[in-house]
Amino acid sequence: MWHRKWKTILSISVVGLLIGSVGCNGSEIPAHLDSSDAITELPPLVTTSSVSTEALDTSVTETTVAQAQEMEEMPLYHSVVREWTLPETLEELYQIRVQKERVYLLGAYHEEETQKVQSVLYYAQVGDTPEFVPLFDQADESDFMGLTDFTVLSDGTICGLLCTNAEEVPYEDPNFHPDTFDWESYYENYMTQYQLVWYNERGQIAKKLGLSTVVTLDESERQTMAFTGVQCDSEDNLYLTATIHEEDCLMALDATGNLRPIQGKSSQQLPLSSYYQWGRCAKGGMLLLEKDTDEAYHLYHVVITDEALWKTEMETTALLSEQTILANTEPSNIWLSFWDAVGIYQIADPDDMPQLLYQFKEMHLDAEDVAGVYVLPDDSMILTLYNAQGGLSLEYIVPEAEEVEPEETMEPEETKGSTEGKDHFMDTQPPVIATPVNFS
């Protein structure tokens, strides 16, 4: 679930992809919840700002636990779970994005002729039985070689993160040794391997940005660099995560492609905790969950404004824990969606309490198998799940329709009993445009 664990797992599949053709994105495909991390109760759902931590007694703790258990037992919806069928040609699923009732898949297949692994994009309309088709069926496959991550802009076009010439990434190589590594070759080749590309509607690369131009490495310290993910907010601002000299950081490009300074300062790289998660916020910007060195969790709202990248801590931090994974939220009326070992929640407003939408046990799912959650309008959602082979599958969750019992028709008093030899009128008058009818 967390970035470090995710990086270890994903690097295995991605580096395998890179060897044939294609590091991590803290929010998109979290790793398994370890069985040792499983919890039987929710994190505290009530915080009392007027009472100090020292003043909290056992009764407060018991009340909090009771509220958590009550919430755990009362999800808002029962679920209908539908497993989606992936395209036959998509041998591995790496990443998904959802926008405007469309779901996009990034995956790969093995090319027999070249013996290489080729990245490919598919899409479909969200529904019970979606039919996935290639997003760019006439595009040149070479334009997608090394595609490791992507995001969907507001006009439906794709911005992708390419990693070329990436057969060796120093910090992931177990045999890497700084004294014997060919640093001259690295700065000539590996540092220039990352590119941000914008595809047009035909799948052609319309714009390209070499990411070595946005980062200045200190060659005297022999720094390594790997871009690990790309996201965009509702205003098409781009957020890039990278690992530079074994330190995670965040950078942001505005809609025009200009690198933004951090909170008005000259720095263009925002340091990140080794444990972080991303979640898209439909009300603007991004949500970022981090764990600091004191094991405390912090939820931040990250947004580009006043020509700079700003990071503001949110008060909802107390609701989240190590078992929490930020969901990606599409509806604009939802502030935050998240999930943990119990189920999936949403918060409509920063000051609201979380509402449990679904329980995993009611869906007959194990939270340890859930890789990602994407919340859609009408509280439907898409889940990415780890299958028995370690790959990803998709399931579509919709609220179960409530059964409406037919209303009992009450016979008017005048019609009760025998009506023999007696005229009567209906109590309920027909529409005014009709003429009342006598029944005998």
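## A tour of the predicted model

The accessible surface of the chain, calculated by the Shrake-Rupley method with a 1.4 Å probe, comes to about 22,300 Å², of which 47% belongs to carbon and sulfur atoms. This is a predicted model, in which local features need pLDDT of at least 70 and side-chain atom pairs count only at pLDDT 80 or more, while totals for chains, interfaces and linings use all residues. Residues are numbered from 1 along each chain as its sequence is written, and side-chain values use heavy atoms, with hydrogens and water left out.

Of its 440 residues, 51% count as buried, that is, under 20% relative accessible area with a 1.4 Å probe and protein chains only, where over 50% would be exposed and anything in between partly exposed.

Next, select strands S6, S7, S8 and S9, which form an open antiparallel sheet in the order S6-S7-S8-S9, two strands counting as paired if DSSP finds at least two bridges between them. S6 (147-152) and S9 (205-210) stand at the edges with a single partner strand each, so one side of each has no neighbour in the sheet. Inspect S7 (residues 158-163) beside S8 (residues 194-199), where five bridges join the two in the antiparallel sense, and find Cys159, whose bridge partner in S8 is Trp198.

Centre the view on Leu238, whose contacts (heavy atoms within 4.5 Å) include Cys159, Leu196 and Trp198.

Finally, select Phe181, Trp183, Tyr186 and Tyr187, which form one aromatic cluster. Rings of Phe, Tyr and Trp (its six-membered ring) pair if their centres lie within 6.5 Å, with planes under 30 degrees apart called stacked, over 60 edge-to-face and the rest tilted. Phe181 and Trp183 are edge-to-face, at 5.1 Å centre to centre and 80° between the planes, and both are buried. The ring centres of Tyr186 and Tyr187 lie 5.2 Å apart with the planes at 75°, so this pair is edge-to-face.

Methods: Helix = DSSP H or I, 4+ residues; strand = E, 2+ residues; numbered from the N terminus. Lists of a residue's contacts leave out its neighbours within four places in sequence.
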